[in-house]
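Biologist: Before the discussion begins, may the sequence and the structure be placed in view?

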Amino acid sequence: MDRKDFRDLELALGIQAPWFIKFARFNEGDKCYDVVLDTGDKNLLSTFFSTAKKVDDSDLVTGRWRYMNVGIYPVYVHANVPKTISTENGHISREIISRMAFLGDTTRNYSNFLRQQVALAQAKNIDQQSIANFLGVNDNTVQVIVEDLRRSDVKVQRLALIPTEVDKIWEQLIRNHHSLRTQVLPLKFLLSRLSLAAAKVTDPSKLYNLTIELRKFFIENHVQLEVEIEQICGVNTDHLRQQVRQNAVKQKLVLPSVRSSVWIDLLTGKVNLNSGSVPLNLLISKQRNVFVQGNTDNEKLQAIETIRQYFKKNYRTLIQELTLLNKSMKNVSTSEILLPEVDHKVWQKIIEDENFIPSEHMAYRLLLAKLRAQVMTKPDPVIKLQAARRIRDFLGQNRKSMRQEVGVLMKQMAAV
């Protein structure tokens, strides 16, 4: 194989600088591919593995790790790495997990990629025999990984679920091809910045650097990102299931009445159920359009009733969603019950007439000016409804500092 062939293989296996394929061959005896990696410069190893001193031959140990498959045959990666990255007794550590997908602990023969695949399958309650069959590895290898995971710290076990850098989920998140529900502002800002950068990238290596940055953020902040990790892995861990059970015990779940404001919040996007049910998400999307475009109260109520009946028929599989609805009902009753609903005409009156509810609150006035400009630019019913919701939310969140404005609002509401 020439250098071009090696480069094609590097791209297929997700091997990036400073590593490159020095040698590769098909092992007829073991029916596998042996791929030997190198950096070309030992000084790069000290930088890559963050070692304090320069690395020489005496500091290196050769690792051999079972990686992914090429066709039906497994790939074994061989590389010299500093001894310091090995973990005593083969325990999985944060340091090992932070390494590239094709590397691993030199005292074990499985790579980070294979370890993550086994950890994920185990989190989904798949038995070891099925994991071995699906991944094409022997039972002993799976048993070793499972045992190493069991002996690791609880936090490390959660870290072990995080996909490696070769997983497509990172690119999908950066390019907004995968929806991630999060309330963590630093993550929102990072995703926004990376998405803008990715839009200008044509070089695969530069996109790879963006995925590395995103994965590093998840590793460094995994304690705060438990829910987000569960989303990108597509699992409901014991933590999440226990949380749902606790919520169900604390309050008896009820189906909101058709005139409950929580349905309006759901259809206007204020409440997000974070549901994994595709039929429910499609139904909400369809009825949201019906609700927004409805000209009469009966048409809007019919959109709500359609969703409500779906919950009534499928409540056994929608416990998490019902829990969130009940929680939203409680929030509405404690903090927003005095304010008119978002579809009340008073909100549009506020948008149309800047003197309808006079205020000296600077942030409120700036918000109104911005929303009026948006509505004037595009007087679409959806835009108007979103503007009304933002005004309502602002008043609800700043009720103490805007008592006078809320008082005027309640008086004006009767006149509209």
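Predicted model: local features only at pLDDT ≥ 70, side-chain atom pairs only at ≥ 80, totals over all residues.

Modeller: Residues are numbered from 1 along each chain as its sequence is written, and side-chain values use heavy atoms, with hydrogens and water left out.

Biologist: What is the mean pLDDT of the chain?

Modeller: pLDDT is the predictor's confidence in each residue, from 0 to 100. A value of 70 or more is reached by 87% of the residues, and the chain mean is 84. Over residues 247–251, however, the pLDDT is below 50.

Biologist: Which residue in the hairpin of S1 and S2 takes a positive phi?

Modeller: Strands are DSSP runs of E with at least two residues, helices are runs of H or I with at least four, and both are numbered from the N terminus; two strands pair if DSSP finds at least two bridges between them. Strand S1 (residues 20–27) pairs with strand S2 (residues 32–38) in the antiparallel sense over seven bridges, and Phe 23 has Val 36 in S2 as its bridge partner. Four residues lie between the strands of this hairpin, and the one with a positive phi, near 55°, is Lys 31.

Biologist: How many aromatic pairs are there, and why is the pair of Phe 26 and Tyr 33 edge-to-face?

Modeller: Rings of Phe, Tyr and Trp (its six-membered ring) pair if their centres lie within 6.5 Å; planes under 30 degrees apart count as stacked, over 60 as edge-to-face and the rest as tilted. By this rule there are nine aromatic pairs. The rings of Phe 26 and Tyr 33 have centres 5.1 Å apart and are edge-to-face because their planes stand at 65°.

Biologist: Are Tyr 67 and Phe 102 buried or exposed?

Modeller: Their rings form an edge-to-face pair, with centres 6.2 Å apart and planes at 80°. The pair links distant parts of the chain, 35 residues apart: Tyr 67 in strand S3 (residues 60–70) and Phe 102 in the loop between helix H3 (94–97) and helix H4 (112–123). Buried means under 20% relative accessible area, exposed over 50%, and partly exposed in between (1.4 Å probe, protein chains only). Tyr 67 and Phe 102 are both buried.

Biologist: Which residue lies over the face of Tyr 76?

Modeller: A charge sits over a ring if NZ of Lys or CZ of Arg is within 6 Å of the ring centre and within 35 degrees of the ring normal. At 3.9 Å from the ring centre of Tyr 76, the residue over its face is Arg 64.

Technical notes
Contact = heavy atoms within 4.5 Å.
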